Amino acid sequence: MKKSFIAFTGIILLMAFSGKQDNSTIFKQLHGLEGTWIMKEKNGPAIGEKWVKVNNDYLQGKGFYIKGADTIITETVELRRTKNEISYTPTVQNQNNRKPVTFTLTTSGSNMFMFENAGHDFPKRIVYQFTSDKTIHAWVDAGKDAPGEKEDFYYEKVK
């Protein structure tokens, strides 16, 4: 009985440690966002994101567009890792009364990270996929039940 208890406890500790390691490893991959990313529009302003690594568990982002010589901030984002989850929390200037909305990482793999909030009107999902060290395909959509409602962003790293 004593050996079973020790083995059971060891398995539980191993599972707990493995979960922390995976969460940390996933977030470390998201450090690849650090820098400035731009998507040039053919007939409009360039849009982009700038990410700064504050520490190993926290990135700050800003969404913006460039109109002439002006850079207009459209949103701020907090990307955080806690013991139990990774969250993406944007505050958009002209939406949700400028209140933050949190999306939780639900899927990751193959350089793709999906954050979801099924209770939000739009978007319900925010996705980043690193297509190379210098390019990202990001998109927002209305979830798996409304595949036609999607906005794509193709960013190139400039800094």
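Biologist: In this predicted model, what makes the residues of β5 on either side of the strand count as buried or exposed?

Modeller: Ile86, Tyr88, Pro90 and Val92 point one way from β5, while Ser87, Thr89 and Thr91 point the other way, and all are buried. A residue is called buried when its relative accessible area is under 20%. Seven of the seven residues of β5, which spans residues 86-92, are buried, so the strand is largely enclosed by the rest of the structure.

Biologist: How do you know that β4 and β5 pair, and in what sense?

Modeller: Two strands pair if at least two bridges are found between them, and β4, residues 70-81, is joined to β5 by seven bridges in the antiparallel sense. Within this pairing, Val77 stands opposite Pro90 in β5, and the two strands form a hairpin with four residues between them.

Biologist: How many bridges join β5 to β6, and what is the bridge partner of Ser87 in β6?

Modeller: Two bridges join these strands, which run antiparallel, and because pairing calls for at least two, β5 and β6 count as paired. The partner of Ser87 in β6 is Thr104.

Biologist: Why is Asn23 called buried?

Modeller: Asn23, which has its place in helix α1, residues 2-30, has a relative accessible area of 10%; the cut-off is under 20%, and therefore Asn23 is buried. Leaving aside neighbours within four places in sequence, Asn23 is in contact with Arg81, Thr82, Lys83, Asn84, Glu85 and Ile86.

Biologist: Why is Lys134 called exposed, and which residues does Lys134 touch?

Modeller: Lys134 is found in the loop between β8 and β9, and its relative accessibility is 52%; exposed means over 50%, so Lys134 counts as exposed. Not counting residues up to four places away in sequence, Lys134 touches Trp37, Tyr155, Glu156 and Lys157. Lys134 and Gly32 are 102 residues apart in sequence, and their C-alpha atoms are 9.4 Å apart in space.

Biologist: What makes Ser110 and Asn111 worth a remark, and where are they found?

Modeller: Ser110 has a positive phi of about 55° although it is not a glycine, and Asn111 has a positive phi of about 60°, again without being a glycine. Most residues other than glycine have a negative phi. Ser110 is found in the loop between β6 and β7, and Asn111 has its place in the loop between β6 and β7 too. Ser110, with a relative accessible area of 68%, is exposed because the cut-off is over 50%, whereas Asn111, at 45%, falls between the cut-offs of 20% and 50% and so counts as partly exposed.

Biologist: What kind of peptide bond joins Phe122 and Pro123?

Modeller: The bond is cis, with omega at about -5°, whereas most peptide bonds are trans. Pro123 is found in the loop between β7, residues 112-116, and β8, residues 125-130.

Biologist: What volume does the largest pocket have, and how do its lining residues divide?

Modeller: The volume is about 640 Å³. The pocket is lined by 29 residues, of which Thr74, Glu75, Val92, Gln95 and Phe153 lie nearest its centre. The lining divides into 18 nonpolar, eight polar and three charged residues. Among the elements that each supply at least two lining residues are β4, β5 and β8.

Note on methods
Residues numbered from 1 in each chain as written. Predicted model: local features only at pLDDT ≥ 70, side-chain atom pairs only at ≥ 80, totals over all residues. Heavy atoms only, no water. Buried < 20%, exposed > 50% of the residue type's maximum accessible area, 1.4 Å probe, protein only. Contact = heavy atoms within 4.5 Å. 1 Å grid on protein atoms, 1.4 Å probe; cavity = no way out; pocket = protein on both sides within 12 Å on 5 of 7 lines; lining within 4 Å. Points joined across faces, edges and corners; volume = space filled by probe spheres on them. Nonpolar A, V, L, I, M, F, W, Y, C, P; charged D, E, K, R; others polar.
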